[in-house]
Amino acid sequence: GLMWLQHGGNLRHTSEQNDGVSRYGWLMHDGENFGVQEIRDEGLVLRTEFVKQPGGEHGGDWSWRVTAKMEGKGPAPLLSLFFYVATDGQGTLRPVLENGTRLAAVAGMAEELGDFTLTFLPPTGEGGEGPKYARGVYNFLAAGVPGLHRLTDLVRHSLRESSVFSPPGRPRRRFFGVSSTGGLPGEP
């Protein structure tokens with residue numbers, strides 16, 4: 001799944017009526033093999049796209065892309081995207097790090113799927129080149145949570161102003177990440 005945070009705004013995980021998200025929904029979806037969704041939140045346009053390649057023993061391979069753009073002119077606010085992988089108590093998950101820092105994949109095992117790997121490619125800009133001002137997935141949180149309905153609380157409690165963003169010719173600003181030692185208060 002995906003959560004996002006525009007700095008100065010709220011952590012978003014779902015889009016509900018009356019929460020300030022101006023528009024959200026599927027633009028295209030065939031119910032099985034592909035879909036395109038768009039979320040508009042205070043000038044931010046998030047587009048998620050998925051496609052499924054049939055095959056294998058468990059339904060095939062899935063690819064997912066997230067694109068973030070700002071509407072209008074003016075400086076873009078800092079944006080943090082939080083991708084998450086969770087099980088509902090069945091199976092295991094393990095982070096796979098590249099160079100000891102960047103979360104490159106999550107390896108897992110589930111009774112229904114067997115062994116699987118979810119790979120995170122580094123961010124790219126339009127045309128496939130490196131993004132102008134973006135950071136990859138550099139921090140992660142591995143924690144238990146008493147139910148999937150508590151994921152937003154877990155991330156909110158684990159947020160830290162963890163890194164400095166300094167594009168050329170612009171002031172340095174801190175952006176949010178998650179603390180690897182985070183968790184819900186009072187939970188083991």
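This is a predicted model: local features need pLDDT of at least 70, side-chain atom pairs count only at pLDDT 80 or more; totals for chains, interfaces and linings use all residues.
Glu-38 sits in strand 4. Strand 4 covers residues 34–41. Glu-38 has a relative accessibility of 9%. The cut-off for buried is under 20%, so Glu-38 counts as buried.

The side chain of Glu-38 makes a polar contact of 2.9 Å with the side chain of Arg-23. A second polar contact, of 3.2 Å, links the side chain of Glu-38 to that of Arg-47. The wider surroundings can be listed too. Leaving aside neighbours within four places in sequence, Glu-38 is in contact with Arg-23, Tyr-24, Gly-25, Leu-27, Val-45, Leu-46 and Arg-47.

Take the two partners of strand 4 in turn. Strand 3 and strand 4 pair in the antiparallel sense over six bridges. Here Gly-25 stands opposite Glu-38. The hairpin of strand 3 and strand 4 has four residues between the strands, and Gly-31 in this hairpin takes a positive phi near 80 degrees. Strand 4 and strand 5 (residues 44–53) also pair in the antiparallel sense, over eight bridges. In strand 5, Arg-47 is the bridge partner of Glu-38. The side chains of Glu-38 and Arg-47 are also joined by the polar contact of 3.2 Å.

Now move along strand 4 to Asp-41, which lies in this strand as well. Is Asp-41 buried or exposed? Its relative accessibility is 3%, so Asp-41 counts as buried.

Asp-41 has polar partners of its own. Its side chain makes a polar contact of 3.0 Å with the side chain of Arg-12. Another polar contact, of 2.9 Å, joins the side chains of Asp-41 and Trp-4. How far apart are the C-alpha atoms of Asp-41 and Gln-6? They are separated by 9.1 Å, while the two residues are 35 residues apart along the chain.

Helix 1 spans residues 151–158, and Leu-151, Thr-152, Leu-154, Val-155 and Ser-158 are buried in it. These residues cover an arc of only 160 degrees around the axis, which means that they lie on the same side of helix 1.

Definitions and conventions
Residues are numbered from 1 along each chain as its sequence is written. Side-chain values use heavy atoms; hydrogens and water are left out. Helices (H or I, at least four residues) and strands (E, at least two) are DSSP runs, numbered from the N terminus. Buried means under 20% relative accessible area, exposed over 50%, partly exposed in between (1.4 Å probe, protein chains only). A polar contact is a pair of N or O atoms within 3.5 Å; within protein, one must be able to donate a hydrogen and the other to accept it, and residues adjacent in sequence count only if both atoms are side-chain atoms. Contact means heavy atoms within 4.5 Å. Two strands pair if DSSP finds at least two bridges between them. The arc is that of the directions from the helix axis to the C-beta atoms.
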